[in-house]
Amino acid sequence: MSAPRHGEILTQRFDAASLTATARSATRTPLRRAGPVTELVIVGVYACLFERPLLPTAVLWGSAAGAGEAGLRVVADVVLNREPPYPFDFLATQPNLAAIHVRQAFDCVGNVVHQPIAVNAALHWRRMESLAAAWLRAGRCERVVIGQVEADGEENVGRWRVVEM
């Protein structure tokens, strides 16, 4: 069996307004309760799949900051700006919301898996590449989109790569 091919790494950077606009234009479904993490996943998957054949695809992504970091920003906003907070449940469900929106927006995506980055980004990236290769070899899909996203209000960053046989 041939070895998986790893595409070039695509790095995306957005401010908050352009991220929201890009995410909304990339999907045909309304993005209800989608925060910047979910929007980064949507625009990353869209960029990787745009004008590619509709092959059975899995998406594997992670974030170091995730809901915990978003929660700290909400608390800071409440204290500094006296803005009403989003409930924690909203923040904690962003990985699940990302999966729902990606599956609704991209017919070829059959599975979306979130893996928090626990150790460091480089190790996490290699782990995702290994898991993608295992899924491809097992025939679970024909393509895996892997990515790491970090939402930071001012600069939201996504790194993406397509792995295929």
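In what order do the elements of the protein chain run from the N terminus on? They go β-β-α-α-β-α-α-α-β-α-β-β. This is a predicted model, in which local features need pLDDT of at least 70 and side-chain atom pairs count only at pLDDT 80 or more, while totals for chains, interfaces and linings use all residues. Residues are numbered from 1 along each chain as its sequence is written, and side-chain values use heavy atoms, with hydrogens and water left out.

**View 1. The whole chain at a glance.**
The protein chain holds six helices and six strands; these are DSSP runs (helices H or I, at least four residues; strands E, at least two), numbered from the N terminus. Of its 165 residues, 44% are buried, where buried means under 20% relative accessible area, exposed means over 50% and partly exposed is in between (1.4 Å probe, protein chains only). Among contacts with a separation of 6 or more, 71% come from residues 24 or more positions apart; a contact here is heavy atoms within 4.5 Å.

**View 2. Helix 2 against helix 5.**
Two packed helices are described by the angle between their axes and the distance between the axes. For helix 2 (residues 36-49) and helix 5 (residues 94-105), the axes come within 9 Å and cross at roughly 35°. Those axes are lines fitted to C-alpha atoms, for helices over the stretch in contact, with angles from 0 to 180 degrees between N-to-C directions. Helix 2 brings Thr38, Val41, Ile42 and Val45 to the contact, and helix 5 brings Gln94, Leu97, Ala98, His101 and Val102. Sorted by class, that makes six nonpolar, three polar and no charged residues. For the sorting, Ala, Val, Leu, Ile, Met, Phe, Trp, Tyr, Cys and Pro are nonpolar, Asp, Glu, Lys and Arg are charged, and the others, Gly among them, are polar.

**View 3. Helix 2 and the residue just after it.**
Helix 2 is largely enclosed by the rest of the structure, because 11 of its 14 residues are buried. Among them are Val37, Glu39, Leu40 and Cys48. Just after helix 2 comes Glu51, in the loop between helix 2 and strand 3 (57-62). Is Glu51 buried or exposed? Glu51 counts as exposed, at 70% relative accessibility. Most residues other than glycine have a negative phi. Glu51 isn't a glycine, yet its phi is positive, at about 60°.

**View 4. His101 in helix 5.**
His101 sits in helix 5 and is buried, with a relative accessible area of 4%. Which residues does His101 contact, leaving aside its neighbours within four places in sequence? They are Thr29, Pro30, Leu31, Arg32, Ala34, Thr38 and Ile42. Other buried residues of helix 5 include Gln94, Pro95 and Ala105.

**View 5. Strand 5 and its two partners.**
Strand 5 (residues 143-150) is mostly covered, with seven of its eight residues buried. Strand 3 runs parallel to strand 5, and six bridges join them; strands pair if DSSP finds at least two bridges between them. Strand 6 (residues 156-164) runs antiparallel to strand 5, with eight bridges. Follow Gly147 to see both pairings: Gly147 is the bridge partner of Trp61, and in strand 6 the bridge partner of Gly147 is Trp160. The hairpin of strand 5 and strand 6 has five residues between the strands, and there Gly153 takes a positive phi near 60°.
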